[in-house]
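I opened this notebook to record what I looked up in one model. The entries follow the order in which I consulted the coordinates.

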Amino acid sequence: MITPEVVNDQYIIQVANENHLRLAETICHEMEESAKARGTGIAKRSPIYVMEKMLEGKAIIAMTLSGEWVGFCYIETWDHGKFVANSGLIVHPDHRKSGIATRIKAKAFELSRTMFPTAKIIGITTSLAVMKINSDLGYQPVTLSELPADEAFWKGCQTCTNFDILTRTNRKHCLCTGMLYDPEEHKKEEKEEKWNFLKESKLYERWMRIKKRVLLRLNPLERSRSRKSDRELEPA
């Protein structure tokens, strides 16, 4: 049972249900507009698909206490439940930089751990902000080969502007960084020092600049389109 959470006497974050179906079209529209503004290519989802997630209890929604939509995220499973992804994170423009995205992600993570306690939770992103959120939840950076082999999972990358990089490297490299939370490994890590995002972020930024130069070298047309890449798993 995931308990609704009230944040700063302003927002309520909870598992979405049939009462939120009316917001599906608005959420999908905002996802698409946000992707266009950032120059990313997140996998598109229909209002029907979002509604299904709400009815299955596999989505988190944030609202103001007065009933206005604030943010949304849902979960997907791959390889027969061995992997779970927290996808489609979106926050209404009026409520960005409020910290609400972090709270939505945390609640989606809680829902994933509750529904699929043995599953590995995954994400791919080029966003340092998202990496920070994931790191705080216990995710670790991993190679793309450690993510699902499920073709349906990678199909969600086809609308990304950097899909060419993924295909011509046989899914070994991309501008995105894979991240994974392994519940079994996490038990061991509790006794060891965790990967420190703040400590390593400068090194990561430098590595990302180098990786962009290398991976985009063979395809100059991608350079301008990749400057604002900011994609979270998405199969989104």
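Which strands does helix α2 (residues 47-55) lie across, and at about what angle does the helix run to β4? I found that helix α2 lies across β3 (59-64) and β4 (69-78), and that the helix runs at about 80° to β4. I took contact as heavy atoms within 4.5 Å. Axes are lines fitted to C-alpha atoms, for helices over the stretch in contact, with angles from 0 to 180 degrees between N-to-C directions. Helices (H or I, at least four residues) and strands (E, at least two) are DSSP runs numbered from the N terminus.

I note the basis of these entries: the model is predicted, local features need pLDDT of at least 70, side-chain atom pairs count only at pLDDT 80 or more, and totals for chains, interfaces and linings use all residues. Residues are numbered from 1 along each chain as its sequence is written, and side-chain values use heavy atoms, with hydrogens and water left out.

Entry on the sheet. I traced an open sheet of eight strands in the order β1-β2-β3-β4-β5-β6-β8-β7, with mixed pairing; two strands pair if DSSP finds at least two bridges between them. β1 (5-7) and β7 (140-142) are the edge strands, each pairing on one side only. Neighbouring strands of this sheet are turned by 25° against each other on average, direction ignored.

Entry on β6 and β8. I found five bridges between strand β6 (residues 120-125) and strand β8 (residues 177-181), which run antiparallel. Ile-122 stands opposite Leu-180 in β8. Helix α4 (residues 128-137) lies across β6 and β8, at about 20° to β8.

Entry on aromatic rings. I counted rings of Phe, Tyr and Trp (its six-membered ring) as paired if their centres lie within 6.5 Å, with planes under 30 degrees apart stacked, over 60 edge-to-face and the rest tilted. The count comes to six aromatic pairs. Phe-72 and Tyr-74 form a tilted pair, 6.2 Å centre to centre with 45° between the planes.

The ring centres of Phe-109 and Tyr-181 are 4.9 Å apart and their planes stand at 90°, so I list the pair as edge-to-face. This pair links distant parts of the chain, 72 residues apart: Phe-109 in helix α3 (residues 100-115) and Tyr-181 in strand β8. Both Phe-109 and Tyr-181 are buried.

Tyr-49, Phe-72 and Tyr-74 form one aromatic cluster.

Terms used
Buried < 20%, exposed > 50% of the residue type's maximum accessible area, 1.4 Å probe, protein only.
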